[in-house]
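Please open the structure in your viewer and keep the selection tool at hand. Each stop below names what to select and then states what is found there.

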Amino acid sequence: MKLDRILDVLERAHTGPVYKEREFNLNVVAQTIAAKVKKFGLANTVDPENPIGSDDDLADRVYQAGFEAAVEIGVLCSDTNRAIRFSAEELQALLDDSPSEFWLGEGDQKVHFRHRGLDDPTPPVWTVPLSIVVSEDIFVDMVHGLAALSTVDCLEGPSLETVYGKPLRSGSPYEHLAGRYQADLMYEGIKRAGRVGMPMDAIGSSTTHYGLLGGYGVEGGYRPKHDLVTILSIGDFWTSYESLFKLTQVYVAGGEHISASTWVMLGGYAGGPEGTAVASVAYTLLMSAVFQGSRAGVPPFDLSYMGNSGDRAQWCLSVSNQAITRNTNLVYHSIANQVAGPGSEMLLYESLVGMTNMAVTGVTNVVGTRSAGGRLTDYLTPLEHQFAGEVFKAAAGMSRAQGNEIVKQFIPKYQDQLVTRPDGQPFQELYDIDTLTPIPEWQAMYDKVKQEAIDAGMPLS
Amino acid sequence: MGKSNDFENLREAILEGDQEAAVAIGHQLVESEASLMEPVNIASDVIREVGDKFGAGEVFLPEMVLAAEAMQGFMDVVTPRLEEEAAGEGAQDRGTVVIGTVQGDIHSIGKNIVATMLSASGYEVVDLGVNVVPMEAIQAAESSGATFIGLSALMTTSMPYQKEVVDLLGELNQRDDFYVIVGGGPVTRDYADDINANGWAADAAAAVQVCDQLSSGSTPPSDTTLVYKAAE
């Protein structure tokens with residue numbers, strides 16, 4: 001981490017142009033994105049019938065639009081109401097300063113993250129699960145089950161529902177305690193799975209900086225040289241002291257790696273799929289620049305169903321991924337936001353679509369699965385993570401056109417259920433927790449969908 | 001200009017988010033002798049239509065915000081005379097909603113959308129912003145004479161503060177003073193029921209319906225079975 005860059009960002013957060021919330025959201029974000037969509041001829045380019053296009057020129061125009069939007073919008077700090085902005089030259093220099101590869105983890109569990117290109121056979125990195133809430137009494141079993149999966153490279157979640165039996169309250173001392181407590185439980189689960197040294201993203205249970213202060217760079221906690229710190233945002237093109245505290249804490253603790261990753265809302269201030277693709281690119285560049293991200297990525301999240309498995313969001317995801325992949329050397333990160341729950345075929349179809357898209361459009365690292373949209377406590381199991389990882393790695397090396405044929409075939413299986421999606425069942429009902437094996441019905445769904453994927457041309461073994 | 005033209009222009013002004021035009025039409029209607037009930041109902045239908053289209057992904061946030069602001073501008077102009085009309089017809093005040101994102105949580109977008117829709121639907125909204133500690137929400141509700149306390153949480157770790165507001169009201173013997181409405185990404189209907197909230201809504205349009213339903217009833221908050229609306 002470079003102190004001069006941190007100080008520069010903090011200075012801009014305290015001296016940049018001042019905006020009120022409405023003015024920034026409507027007059028800066030919405031109008032700038034709309035202007036770039038118009039300037040670069042992007043209106044009506046969305047093609048839901050072909051979610052993964054192969055139009056390099058379109059991807060490059062989305063990148064140029066996103067780069068210009070990044071320079072003009074910047075990131076607004078909610079605590080100072082000032083925009084952190086960079087000139088085009090400054091932004092390009094910061095992007096050039098970003099790593100194109102890095103290592104995490106220790107010993108035989110070390111993981112190599114490196115920039116991938118389009119249709120690239122370079123193996124991508126699969127991090128599981130998202131920070132979905134899990135009961136304290138099954139937390140270690142869950143981590144054990146996930147870490148034991150052959151396709152899994154790193155761990156992020158899950159999140160604790162309680163800490164030492166008490167509700168985990170954001171911003172309270174419980175959250176501070178949870179940082180260290182989660183590290184203890186994660187290490188225990190990893191040890192049981194025989195994967196000591198595995199890298200982790202800090203800290204799933206704590207969205208604010210309190211958990212990081214309690215669990216990162218402290219004895220027995222997350223390792224500054226071997227683990228990532230995830231920094232999210234509170235809204236499109238917004239940041240806060242909370243996120244900037246995480247940046248300074250990584251520096252103070254001697255850390256090296258940050259995941260500068262958040263999301264943009266499809267249907268939000270950036271508008272439709274084209275504008276959201278531009279915003280995704282712009283915000284990715286800004287997050288990387290502001291937070292010195294070792295990896296960066298800002299995938300879309302469709303407000304109409306709070307996920308990104310639908311055809312419009314998949315198009316948006318694909319074109320923004322391609323724009324970044326073709327025009328930068330960033331280690332690009334993304335998230336497939338499923339909405340259906342474990343124990344449903346829909347969750348597996350959503351994963352098949354999302355992970356295929358990620359693999360062929362150059363994403364290096366995906367964190368998932370967002371089982372049941374992350375809405376429900378204990379609604380995740382290892383099996384859907386195994387499936388998603390298998391697809392992600394098998395699809396690496398396929399062409400965008402091949403990927404498109406697969407996603408076109410499977411999106412119609414769930415497109416009309418994105419709002420009414422099945423919640424599925426919790427871990428305790430879908431798994432024998434003593435043996436960490438799925439019940440026959442859930443295993444049968446996995447076998448069925450996997451065979452359908454193979455029949456459609458996915459090279460799964 | 002005829003009455004139907006005025007109404008069509010009002011509809012168009014709100015749909016297009018043209019606040020200036022909506023305000024001008026409001027002044028014309030106030031100066032005329034005609035009842036304001038019909039245009040207000042038309043405007044309410046339009047804003048509901050915009051909200052539904054937003055929920056379906058057919059219009060986007062900037063359009064919805066501008067439409068709501070046009071509606072608000074229109075309502076600000078017509079409200080004084082409308083209140084006279086409404087008083088004459090015994091109509092109910094829709095009430096005040098104190099709204100905020102709970103302690104430990106600084107996400108605002110969902111809360112803002114709900115506040116916008118409630119305001120556009122005729123509720124008086126007191127927006128406390130983000131990171132609102134439980135006692136602040138209660139005190140603001142007291143001082144503003146609110147009927148509702150609306151609490152948003154976007155993180156599982158901030159959801160306990162929604163429960164804390166309900167619990168505090170009970171401990172202060174004020175549970176019947178306010179209906180407590182909860183929402184936010186991870187907040188489920190079951191959770192709302194578990195913490196004895198009065199209302200839960202999956203989205204902004206549904207939040208308005210929940211408030212409408214609660215305010216039309218006569219059951220005190222402590223005896224009210226959870227009123228909920230899924231996304232439509």
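Begin by colouring the two chains separately: 29 residues of chain A are in contact with 24 residues of chain B, contact meaning that C-beta atoms, placed from the backbone, lie within 7 Å. On chain A, the side that touches chain B consists of 10 nonpolar, 14 polar and 5 charged residues. Here Ala, Val, Leu, Ile, Met, Phe, Trp, Tyr, Cys and Pro count as nonpolar, Asp, Glu, Lys and Arg as charged, and the others, Gly among them, as polar.

The model is predicted: local features need pLDDT of at least 70, side-chain atom pairs count only at pLDDT 80 or more, and totals for chains, interfaces and linings use all residues. Residues are numbered from 1 along each chain as its sequence is written, while chains are lettered from A and ligands numbered from 1 in the order in which they are written.

Next, select residues 21–39 of chain A, helix α2. Helices (H or I, at least four residues) and strands (E, at least two) are DSSP runs, numbered from the N terminus. What separation do the end C-alpha atoms of this helix show? Buried residues of α2(A) include Phe24(A), Ile33(A) and Val37(A). A residue is buried if 20 or more other C-beta atoms lie within 10 Å of its own, exposed if 12 or fewer, and partly exposed in between.

Now select Val278(A). Beyond its neighbours within four places in sequence, Val278(A) is in contact with several residues, among them Ile33(A), Lys36(A) and Val37(A).

Move to chain B, which is divided into domain 1 (3–88) and domain 2 (96–229), with bounds from an automatic or database domain assignment. Their centres, taken over C-alpha atoms, are separated by 26 Å. Between them, 11 residues of domain 1 are in contact with 9 residues of domain 2.

Finally, visit two loop residues. Tyr164(A), between β9 (162–163) and β10 (166–167) of chain A, has a positive phi of about 50° although it is not a glycine. Is Tyr164(A) exposed or buried? Tyr164(A) counts as exposed because it has 11 C-beta neighbours inside 10 Å. Asn196(B) has a positive phi near 65°, and with 17 such neighbours inside 10 Å it counts as partly exposed.

Terms used. Expected span 1.5 Å × (residues − 1).
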